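This briefing walks through selected features of one protein model. Keep the sequence and the 3D view open while reading.

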Amino acid sequence: MPTPQKQESLLPVYLVVGEDGLKRSTVMKRLRARLSALGDLSFNSDEFNGEAATGADVVSACNTVPFASPLRLVAVRNAEKLKKPDAEALVAYLESPSPTTVLALEAEKLAKNTRLYKAAAKHGKSAVIDCAPLKRYELPKMVRSMAVGHGVTLTEGAAAKIVELVGEDTVHLDNEVRKIALAHRGADPVNEHEIVALVSRTAEVKPWEFVDAFSARDLQKCLLYLGRMKSTSPHALIAKCTSRLRELVCARALCDRGAQGAIAATLKMPDWQCKNHARWARGFTAEELRRALVGARDTERAMKSGSDPDAAFLDWVLAVVPRR
């Protein structure tokens, strides 16, 4: 994570952008620490929220002369939410920024083709600090590193369980690891059983996780996941499941012809995205897939005609996924 190390390397603007909230927070803390070493930031900093800030106020703060310090800090959170005229005011300011101010723009998302992104980026390669999130499979390793920073170690299973329970938000993950470190006793690594005892589930199951369990005809997982998907409607789920069934019809036909290797090309999907399609397709007969699609059609009609959507969807799942 690039951060300024020397006074002469400080730029007039930094764009801290990406969905990893912990990375953004870390970058901002380091930048504040660097500037605090030069002078008292309580007299030399201003903070704005892009949802409410005006460009004129931010520019005015940037042009304020620092007090008993060579530099001052102006931070704008949610910079992507600045209204267009206010963002344009910052673009104009960055044409000739104050030499005694560091403007820190923090954004979860900001497209590279926006004028504000380009205005910041032209001040140097290190002006844009990428805080893109890790892939889900990379998170357990990062969680184990977090734990070391908090004075404990985690087993691989414990780290994976935290991600399962808490989700992918790195700020929430770090908070949970901190709590675990405070509660843990002894020098042994924290194990999965301890995680289950200490950590409450806050992460919702993603729709694709349910669809994968449905495709594998794993009823236990389907029922478990349904209870953890409060913000996903049954209308959206049945649409995703129906799309998957159509893919499996194609995969089943190809497997029957001995052309399993053509599944990705036929479905026009990357190999990794359909690596399990052949196995899932073999878990259905061609007739079962046909009946599942007919049942999906009838269930959607019922859901749109006054039937309770959740109950209708569950009945359909129970009809497609066998009890074992």
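**Briefing: a helix, a pocket and a strand core**

R244 lies in helix α11. The model is predicted.

**R244 and its surroundings**

- Is R244 buried or exposed? R244 has a relative accessible area of 13%, under the 20% cut-off, and so counts as buried.
- Not counting residues up to four places away in sequence, R244 touches V211, D212, S215, H277 and W280.
- D212, one of these contacts of R244, is also among the residues nearest the centre of the largest pocket.

**Helix α11**

- Helix α11 covers residues 234-256, which is 23 residues.
- From first C-alpha to last, α11 reaches 32 Å. That is close to the 33 Å expected at 1.5 Å a residue.
- Which residues of α11 are buried? They are P234, L237, I238, C241, T242, R244, L245, E247, L248, A251, L254 and C255.
- What do the buried residues of α11 pack against? Their partners are α9 (207-215), α10 (219-226), α12 (263-267), α13 (277-282), α14 (286-303) and α15 (309-320).
- Just after α11 comes G258, with a positive phi of about 75°.

**The largest pocket**

- The volume of the largest pocket is about 810 Å³.
- Its lining has 21 residues. W208, E209, D212, W272 and Q273 lie nearest the centre.
- Which helices each supply at least two lining residues? They are α9, α11 and α13.
- α9 gives the largest share of the lining, with 5 residues.
- By class, the lining splits into 8 nonpolar, 4 polar and 9 charged residues.
- α9 and α13 also pack against the buried residues of α11.

**Strand β1**

- Strand β1 spans residues 13-17 and is mostly covered, with 5 of its 5 residues buried.
- V13, L15 and V17 point one way from β1. Y14 and V16 point the other way. The residues on both faces are buried.
- β1 runs parallel to strand β4 (residues 101-107), and 5 bridges join the two.
- β1 also runs parallel to strand β5 (residues 128-130), here with 3 bridges.
- What stands opposite L15 in each partner strand? In β4 it is L105. In β5 the bridge partner of L15 is V128.

**Strand β4**

- β4 is largely enclosed by the rest of the structure, because 7 of its 7 residues are buried.
- T101, L103, L105 and A107 point one way from β4. V102, A104 and E106 point the other way. E106 is buried along with the others.
- Strand β3 (residues 72-77) pairs with β4 in the parallel sense over 5 bridges.
- L105 in β4 is the bridge partner of V76.

- V27 is found in helix α1 (residues 21-36). V27 is buried, with a relative accessible area of 2%.
- V27 and C131 are 104 residues apart along the chain, yet their C-alpha atoms are separated by 8.9 Å.
- L173 lies in helix α7 (residues 170-183). L173 is buried, with a relative accessible area of 0%.
- What is L173 in contact with, leaving aside its neighbours within four places in sequence? The contacts are L139, M142, V143, M146, I162, V163, V166, G167 and E168.
- L173 and C222 are 49 residues apart in sequence. In space they are 25 Å apart, C-alpha to C-alpha.
- A56 is found in helix α2 (residues 55-62). Its relative accessibility is 55%, over the 50% cut-off, so A56 counts as exposed.
- A56 and R301 are 245 residues apart in sequence and 54 Å apart in space, C-alpha to C-alpha.

Note on methods: Residues numbered from 1 in each chain as written. Predicted model: local features only at pLDDT ≥ 70, side-chain atom pairs only at ≥ 80, totals over all residues. Heavy atoms only, no water. Helix = DSSP H or I, 4+ residues; strand = E, 2+ residues; numbered from the N terminus. Expected span 1.5 Å × (residues − 1). Buried < 20%, exposed > 50% of the residue type's maximum accessible area, 1.4 Å probe, protein only. Contact = heavy atoms within 4.5 Å. 1 Å grid on protein atoms, 1.4 Å probe; cavity = no way out; pocket = protein on both sides within 12 Å on 5 of 7 lines; lining within 4 Å. Points joined across faces, edges and corners; volume = space filled by probe spheres on them. Nonpolar A, V, L, I, M, F, W, Y, C, P; charged D, E, K, R; others polar. Pairing = 2+ DSSP bridges.
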